[in-house]
Amino acid sequence: MKKILIYGDSNTWGDNFILGKRIPDDKQWPNILQGKVRDSYKIISEGLPGRLAGNDEKEKVYKNGKDTFTAIFRTQAPVDVVIISLGTNDLQMKYNKNYEDIISDLVWYKNTVYEMFLDEDDRKKYFVNNSMPRFIYILPINFDYIKDASVIFDINCENNRRQVIEKFKEKVDNVDILYFNDLTLFNDGIHLDFNGHETLALKVKEALDMKSNKKDALKEFGERINLNVFGMENYNEKIPTIFIANHNCLMDIFYLPAALTNGSVSLISPRIMYKKNLERQRMAEELLYSMPIEAHGGKKYSQICLKYARKFLYNNIDITIFPEGAYIDPNPYVYKGHTGASRILFDVRKSGIFANIIPVAIEIISNNLDLDGFNINDDIINIYIY
């Protein structure tokens, strides 16, 4: 069973200023979420009233989120998903924080986990399959700064909240972001009411399903084709890897990701991804985590590709590139490449990221190979990892 760590504030804990006590367990959104995911995940809820994303509380220092996070993460590790639901308390007038500082405090959590991940001993002990956990950020939700919570928040706080939502995605990569402007609240103007907890649990469940369903769909696809994989012993899962593969037909872009158990991001020529065929586009959306790569788009587009490839590898996410090799000879071996795997490798190593590059030969044994087809058939697909 996979595990989710939720690190949050009073809305994770289930506070309510009107009642003056915690709402019932079955009304709290982490417990509602547990009911929705059933046996797929174990939910670990670490909510605390008044918790900050930063360390700005001088009197009740137990509310400082950074001070306690590392110990809590290590205590509950390894986990598959980390949900950070903080930032609302940082917006209070008394802390006088701007949105840039709040964003910086929120980003700190993923960066801190990544620093642990870089330590070889920590990676073995505290991480699932030597991989970074998935991060989901729930950014500060709406509050009533006009009436019910006007003692705590004002219009400047609301403006800062909206700036956090707008600017946060520019400061962190490879995370999922949820934000809300219309969750229902108790009359204290800050805490989720029962409907608000139900809605939040549903939205988090939908976010979890979006990613897990794609992995499940790719696994199911791999089971439906005649796929044979050779040479997995040449692949070190602990090291981020660039796979360069030959290109026989349009289905190649699905065959290699189906063979890789840890998941990967596919860098695919837009001429392959976005040809005017809605069914193929649907398959790509359903099965692949993909990004277009264009070798002939000029310096601007090349730099964009390099930037994101570097970020994927920085976060230990493998990359597959299509088309990198041209065709295979009868042995079979990849003998030509032209979309820049060596340039990506050089760029990431120059940035201090150690990554491997592995050539892959995709051999298709077919009585009638359909170069432009995208349907499952009786072809035998042999993948050789060198």
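User: What makes K205 and D209 separated by about one helical turn?

Analyst: In this predicted model, K205 and D209 are 4 residues apart in helix α7, and that spacing corresponds to about one helical turn. An α-helix has 3.6 residues a turn, so residues three or four places apart point the same way.

User: Why is the meeting of the K205 and D209 side chains called a salt bridge?

Analyst: The nitrogen of K205 and the oxygen of D209 are 2.6 Å apart, and because the limit for a salt bridge is 4 Å, the pair qualifies. A search of the whole structure finds 12 salt bridges.

User: Why does K205 count as buried, and what is D209 called?

Analyst: K205 has a relative accessibility of 19%, which is under the 20% limit, so the residue counts as buried. D209 has a relative accessible area of 24% and is therefore partly exposed, since that label covers values between the 20% and 50% limits.

User: How do you know that E198 and K36 form a salt bridge, and what parts does the pair tie together?

Analyst: The side chains of E198 and K36 meet with N and O 3.0 Å apart, which is within the 4 Å limit, so the pair is called a salt bridge. E198 belongs to helix α7 (residues 194-224) and K36 to helix α2 (residues 29-37), so the pair ties together parts that are 162 residues apart in sequence. Both are partly exposed, E198 with a relative accessible area of 35% and K36 with 29%.

User: What makes the D56 and K97 pair a link between distant parts of the chain?

Analyst: D56 forms a salt bridge with K97, with the closest N and O atoms 2.7 Å apart. D56 sits in the loop between β2 (41-47) and α3 (65-76), whereas K97 sits in the loop between β3 (81-85) and α4 (99-118), and the two are 41 residues apart. D56 counts as partly exposed at 28% relative accessibility, while K97 is buried with a relative accessible area of 9%. D56 and K97 also take part in a network of salt bridges that links D56, K66, D90, K97 and D105.

User: How do you know that the buried residues of α6 are on the same side of the helix?

Analyst: The buried residues in α6 are C157, E158, N160, R161, V164 and I165. They cover an arc of only 160° around the axis, which puts them on the same side of α6. These buried residues pack against α4.

User: What makes the length of α6 close to the expected one?

Analyst: Helix α6 (residues 155-167) has 13 residues and reaches 18 Å from its first C-alpha to its last, close to the 18 Å expected at 1.5 Å a residue. At the start of α6, a side-chain oxygen of D154 comes to within 3.1 Å of the backbone nitrogen of N156.

User: Which residues of α2 are buried, and why are they said to be on the same side of the helix?

Analyst: W29, P30, I32, L33 and V37 are buried in α2. They cover an arc of only 155° around the axis, and this puts them on the same side of α2. R38 follows α2 and has a positive phi, near 55°.

Conventions: Residues numbered from 1 in each chain as written. Predicted model: local features only at pLDDT ≥ 70, side-chain atom pairs only at ≥ 80, totals over all residues. Heavy atoms only, no water. Buried < 20%, exposed > 50% of the residue type's maximum accessible area, 1.4 Å probe, protein only. Expected span 1.5 Å × (residues − 1). Arc of directions from axis to C-beta. Contact = heavy atoms within 4.5 Å. Polar contact = N/O pair within 3.5 Å; in protein donor to acceptor, adjacent residues only side chain to side chain.
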